[in-house]
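Start with the sequence and the fold.

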Amino acid sequence: PHEVDMRVGKSRVAGRDFNVILNDLEDESVAAADGRLPGTVQSQIRSIELVQLEQLYIDPSDPWGAAIPAQFREVPVSVACGGSLFVDVISGVGRLTKQVLVTRRTSEEVFDKLACDELYAVFGAPAADDANPAPLMLKRVAARGVPARLATRQAPGDPLHQIESPEFGYRFGSQGGFSAAGPGRYHAGADAAHAEGEGSGALATWQSRMQWVDSGPRARLELEGLATVSADDFGRVQADRLGIEMERGTSTDAGPGSLEPKRIWGAGAVAIDTPHLITRAQTIEVDLVAPAANAPAPVTEDGPILPPPTRPGPASLAQGEGSRFQISGGAVKAALVVGEEPMAIRSLTITEGVTCLEVRGHGKQAVSGLEMQGDTLQLRDFTAKRGSAVIQGAPARIRARQVDVEGAAVHLDRAANRIWVEGAGFARLPLPPTVTERLPQEVPQATLTWRKGMQFDGRTVTCGDQVTLNGPLQRIWCSQLS
C-alpha cells in the first residue's frame, strides 16, 4: 500500500492507497449536458477514493474550510475512521466507513463529536449570501450506526445537546435541522456534571421518527412512536405523535437567546405529568403563555369573574396551596401560564367524556378536593383559589367538600364561592350547624331538586319551579325556595 499525505495550508489528509477514476468522455459537451462545467475537475473526474483514511484535518482558514457552512467555520474539523473515504464527484456525495469519529474542537474545548459506522456528506452550490463561497458547499450530512451518536454545544461552557439513533442527518441552511429514523433519544441542555446522564435539561425519546427544524427565531420538534419529552422545570409529556414549537429569547453579545417552548401538541394516548397538572387524552393542544402584567379581571354580564370573596361560606369552594389537577377526556385545548408558582390555567376546554379532579397534598397526605364530570369542561383563569368553570353533560356534575350539584350545565365562580345551574338539576348541600347539632346521628345533608335554576354561595341557596327539599326530618314542596 502506498502512503498518501496531502496538505493545503494547515489542512491535511493522510492515509493509504489513493484511487482516482476519470470520466470516459469523448468531448466536454457531454459533461455540459449533465450540468458539469467543461474544463473543471467535476467534468474530468468521476470519483476519488482513499482506501484507508488515517486523518483528515480541515482548518477553516484554508481553501478546504471554505466548503464548510459559515456558522461552523470558526473551529477546525478532525476526521478519523477505520475504513475508507470515497467521494462521488459527479453527484457531490462523500462517504466515510467503519468507526467514524468527527470532532470540531479547539485546543481547549470540544464543540462537536460525532461517532458512527457510516457518514455521508452531500455537497452543492453555495448559498447566494455566503461571504466566502467555494465551488461546492456542504449541504447535508447523514450518519448510520448502532447507534450513531452526536454531542454538540454552541459556545464554550454551553450545555451539551446529544442525539442517538440508528440513522440521523442534519441539513444546513436557514431551514436546517435534524431528522432521525428509527428509535432514538435527544438530550438537550445537559451540563458537564450530567453529560452522560438524564439528570438535567430536557430529554426526548421516540421509536419511529424525529425531526428538528430550526429557522433561527423559531424551532419545531416532532416525534413519532411512543414519543416522550421530559424537562426539569416542566414535567413529562407522552403521546404516539408529539410536537413542540419553540421561540428563541433575546439575543445578546454572548450569542443567540435560548429556546423556550410555546406550544405543545400530541395525538394518540396522550399523557402529561407536571407538578400541577396530570392529563390523559387522545389529542391535546397546549399554549404556554407568560403571566399578564397587572391584568384587570375580565367583566361579564354578572360582573367580574374574579371578585374578592367578601363573606366566605362554610362550604368554601376554594382550596389551599399545593393543589394539582388530574384531567382526562378525549380532546384537550389549553393555555397554561408559565412563570407562576403554582402554574395557572388561563383557559382549558375538554370534550368527550370529561373528568377533572383536584388533589391537595402528596402521597398519603393527598386529599381530594374539587371534582367535575361531564361531556364538556371549560376553565378560565383557574387556580386553587380563583377562576370560573362550566361543565356540561347529561348530566354534568360538580362536587366539592359537602357540595354535590348536577345539571345540564353547572357553573362555578371559585373566588366568589358561588355555584349555579341554569335549568333543572339536583344537589346535595350541607345543613346549617344549628340543624346538625340537634341531629348528630343523621347525615348532615339535604337533597334538592328544581326545574328553573339554582344558585348557592356557601350560605344561601335559591331555586325555582317544582322545588323539592328533602331533609333528615322533613320534606318541602314549593315553587320558589330561598
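Is C81 buried or exposed? C81 counts as buried, because its relative accessibility is 10%. The model is a predicted one.

**Cysteines.** The disulfide count comes to 0. C81 takes part in none: the nearest cysteine sulfur belongs to C116, 9.4 Å away. A disulfide would need the sulfur atoms within 2.5 Å. C463 also counts as buried, at 5% relative accessibility.

| Residue | Class | Relative accessibility |
|---|---|---|
| C463 | buried | 5% |
| C81 | buried | 10% |
| K139 | partly exposed | 31% |
| L22 | exposed | 56% |

**Surface.** L22 sits in strand β2. With M6, F18 and V20, L22 makes up a nonpolar surface patch of about 350 Å² accessible area together. Strand β2, residues 11-22, supplies the largest share of that patch, 3 residues.

K139 belongs to strand β8, residues 137-152. From K139 to G176 the C-alpha distance is 9.4 Å, across 37 residues of sequence.

**Core.** Nonpolar side chains in soluble globular proteins tend to be buried together. Here the largest nonpolar core holds 85 residues. L53, F168, M210, L223, L448 and M454 have the most contacts inside that core. Beyond its neighbours within four places in sequence, M210 touches I163, F178, S179, A180, L221, E222 and L223.

Terms used. Residues are numbered from 1 along each chain as its sequence is written. This is a predicted model: local features need pLDDT of at least 70, side-chain atom pairs count only at pLDDT 80 or more; totals for chains, interfaces and linings use all residues. Side-chain values use heavy atoms; hydrogens and water are left out. Patches are made of residues with over 30% relative accessible area and no salt bridge: like charges are joined within 9 Å, nonpolar side chains (Val, Leu, Ile, Met, Phe, Trp, Tyr) within 5 Å. Accessible areas come from the Shrake-Rupley method with a 1.4 Å probe; for residues, only the protein chains shown count as cover. A salt bridge is a side-chain nitrogen of Lys or Arg within 4 Å of a carboxyl oxygen of Asp or Glu. Helices (H or I, at least four residues) and strands (E, at least two) are DSSP runs, numbered from the N terminus. Buried means under 20% relative accessible area, exposed over 50%, partly exposed in between (1.4 Å probe, protein chains only). A nonpolar core is a set of buried Ala, Val, Leu, Ile, Met, Phe, Trp, Tyr and Cys residues joined through side-chain atoms within 4.5 Å. Contact means heavy atoms within 4.5 Å.
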